[in-house]
Amino acid sequence: MPHIVAVGFRRINKMLQELAPVVADRAVVDVLDVGFEEAVARVKALQARQPVDVVVAAGSNGGYLRQHLDVPVVLVKVGGFDLMQALAQARQVSDRIGLVTYEGMAPDLQRFKQLFDFAIAQRSYRTEDEARACVRALQQGGTEVVVGSGVAVDVAEQLGLTGLFLYSMDAVREALADAVEVARAARIQQAKRERLNTLLAQLSDGVIAVDTQERIETLNPAMAQWLGIDAGAWQGRRLSAACPELSLQSTLRLGLPELEKIERVRGRQLIVNRIPIVEQGVLTGAVLSAQDAVAIQRVDRHIRARAHSQAASARYDLSQLAGRSASSQRVQALALQCAHSSATVLLLGESGTGKELIAQGIHRASERRDMPFVAVNCAALSETLLESELFGHEEGAFTGARRGGKIGLFEAAHKGSIFLDEIGEMPLALQTRLLRVLQEREVLRVGAVEPTPVQVRVIAATHRDLAEQVAQGRFRLDLYYRLNILRIEVPPLRERLADIPDIAAVLLAKVRERLGTGAGSGAGSRVSDGPGERMGWGAVWQALMAQAPHHSWPGNVRELDNLIERLVVCVPPAAVLSSAEATQLLRELAPELCAVAGAAPSPSGGEDSHGVGVSGDRAQALRPAQRLSEREHILATLADCGEDKALACQRLGISRTTLWRKLRAG
C-alpha cells in the first residue's frame, strides 16, 4: 500500500490524527507533530525504512518541506467556503478583522469583500518570523480578530487577540484524498519505470533518455559500462556537459531524428541514433541509442559464417579425388597434410585438372569445415568488378552501388576459406590489395576509411608459372612468396592415364545425376559395360576406354567430363552396336579424340587396331599425343583443321576463349 506522511503542528495535527483512519484502507498514514528542519529529518528517517510516496502538510511548513524533500508534497488548501466561514465567525466577534495567509492573497477575498461590504486587513508571509511580524502589525493597526494559519493564530492569541483557524476538516480530508491518488499514480509510474529499466538493462545497446532541458532521466547499464561511469551519478546532469560527443541539443532544438552516425566515445567506436520524443504532438525529450561497431561486425561475421548457402559451401571431399596412380595418391596425401595447417596453399596445374576439388577437399578436411567456402575466378571479372567482389564497397562508393553497401567475398568467407582461382590473372593493382589482406588480415572496402578485420584461409590456384610471371613483371614477388607457402602441383591427366577409368566412372555418375538419366544413356536406355554385349552404351564405353590412353587430354578432367556428357546425350537409347560400330560412332561424336590416336594404320590402310579409320597420310602427319607438348598439340590440331578455330575447338574439347588464351600464353 502507498505510504503517506502527514506533518503538522497542534491544530492541523489534531485534524490529521482524526482523519487518518478514513484512508487507512487505501494507504498507510504516519502523522508527525513536527515541522520544518525536524520534519525533514523525520521524513528521511522513515523513508530509509520504508519508501514514502507522499507528504501532506499545510502553510509555511508545507512550503519548506517541498523545498527540502525529493518526494511529492500535497498542501492543505483553503477553499472559498472555508474562508467565508472563518470570516463570518470573525464578524460576529468584531468588525476589525485581519487575514494572515501563507504566500499571497486569498483568491476569493476580493469577491467576499464586495459581497459582504466590510473591510479586511490582509497580510501574507513566507517564514514563521514574517508571520509574527504580520500579526504585530495588524495589532498595531487596531485589528481585534486574526483569521489565518496555525502560526498566525498562535501568535495572535499570545498577543491577546482573538484567533480563528482558517483550515477546515473538509480541506484536510480533501488533501489526504489527493495524497492517496498522487501516491497511487506514483506507484503506477514507478512500476512502469522499473519495468522499462529492466528491459533497458537487458539490452546490449546503450540507451540514454533526456528531458527538454537535456537532463539525463535514464541511462542503462550497457551505456554506463561503455562510458565507464556509475549510472546514478549522471542522473539529472546535462548530457552535453557530461559527454559532449553524445549531445542531444541539436535533436531537442530541431526535433528531427539523426540515424546511424558514427561517434568515437571513450576510445570506443559507436553507431548512434538520436530520436526526439514527441507525446501528443509536444516535444518532451529525446533518446539516444548506441551500438558497439565491433559487436555489430562480430554479429555480422557470425551470421555470414553460419549461412550455409550453396555459393558459400564446399561439396567435395579429398576422398572424391579419383585415381589410384602414384601421382594421384601423392596429391591426396599432400592435400590432407595441408588441411591440418592454416597457412596459405598454392595449387599449380593446368586448367581442368581439378584444382577446385582439391581446394574444397582441403577446406572440408580442416577445422574450418563448418565455416564458409567462397570461390572466385580472378580471370572471369574485370579489374573494377573483381575489386568490388573481393573487397566489397560502401554505400555511394560509385554510381549504381547497392544501397547500404556490400560485403566482399573476403568478409563473406570470414572464419572459413576463400579459393582464388586463376590467381595469375589478377591485375597488379589488386595484387597489392591482396597482399595487404594476407599481411594484415584486414579488408578495406571500396570507399571506406576504416578496415574490417577478417580471419580467412586463402587457397590460390593458377595454371601459369608464377616464377616466370614475376620475372616478366606481371606478378608481385612479395605476393608470390606470401602465396607459395604450402604448394601442391596437380599433374595433368596425360601424366596419369591409368586414372582415367576411375575418373571416368565418377564423372559418368555425376553426368547421369545432373541429366536425370538414371542408369541409362542420354535417352534412358539400359547401360551395360560388360564384354561382348551388343548394347549401345556398353560398346561405346569400351571404345572410349580403349581410345582414351592415346589422347593428350589438353582440357584434362574437364575435357573428359564434357566428352562423357556428350556421349551420354548423343548415344541412341536403343542402339545395338558391334565393337566396330561403336568405335565408328565414337569417332563421329568425338573426332578430337580419334584424330590424334597414336596407333599405326592397319596393313590395309583402312583401320587401326581399334577399328578407327585413319588414312595413312594423316597417320604419318600426326605424331603420338604423348610426345607432343600442349601447345604443339593445339597448333597441330589447328593446322589439321585448316586454321578453322571453331572446328579445332570442337576437336580439342575447349572453348574459343581457352584456345585464344593458350595460344597467347605461348
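## Cysteines

The structure holds 0 disulfides, a disulfide being a pair of cysteine sulfur atoms within 2.5 Å. Cys134 is buried at a relative accessible area of 11%, and Cys338 is buried at 4%. Here buried means under 20% relative accessible area, exposed means over 50%, and partly exposed lies in between (1.4 Å probe, protein chains only).

## Basis of the values

This is a predicted model, in which local features need pLDDT of at least 70 and side-chain atom pairs count only at pLDDT 80 or more, while totals for chains, interfaces and linings use all residues. Residues are numbered from 1 along each chain as its sequence is written, and side-chain values use heavy atoms, with hydrogens and water left out.

## Nonpolar cores

A nonpolar core is a set of buried Ala, Val, Leu, Ile, Met, Phe, Trp, Tyr and Cys residues joined through side-chain atoms within 4.5 Å. The largest one has 33 residues, and those with the most contacts inside it are Trp541, Leu544, Trp553, Leu560, Ile564, Leu567 and Leu586. Two or more residues each come from α21 (500–515), α22 (536–547), α23 (556–570), α24 (579–589) and α25 (591–594). Of these, α22 gives the largest share, 7 residues. Helices (H or I, at least four residues) and strands (E, at least two) are DSSP runs, numbered from the N terminus.

Leu586 touches Ala543, Leu544, Gln547, Leu567, Pro591, Leu593 and Cys594, leaving aside residues up to four places away in sequence; such a contact means heavy atoms within 4.5 Å. A second, separate core has 32 residues, including Leu409, Leu435, Val456 and Leu479.

## Two residues with positive phi

Trp553 has a positive phi of about 50° although it is not a glycine. Trp553 lies in the loop between α22 and α23 and is buried, with a relative accessible area of 0%.

Arg266, also not a glycine, has a positive phi near 55°. Its place is the loop between β11 (258–265) and β12 (268–279). At a relative accessible area of 44%, Arg266 is partly exposed.

## Asp154 and Arg10

Asp154 belongs to helix α7 (residues 150–158) and counts as buried because its relative accessibility is 12%. Not counting residues up to four places away in sequence, Asp154 touches Arg10 and Arg11.

Asp154 and Arg10 are 144 residues apart in sequence, and their C-alpha atoms are 9.7 Å apart in space. Their side chains make a polar contact (2.6 Å). A polar contact is a pair of N or O atoms within 3.5 Å; within protein, one must be able to donate a hydrogen and the other to accept it, and residues adjacent in sequence count only if both atoms are side-chain atoms.
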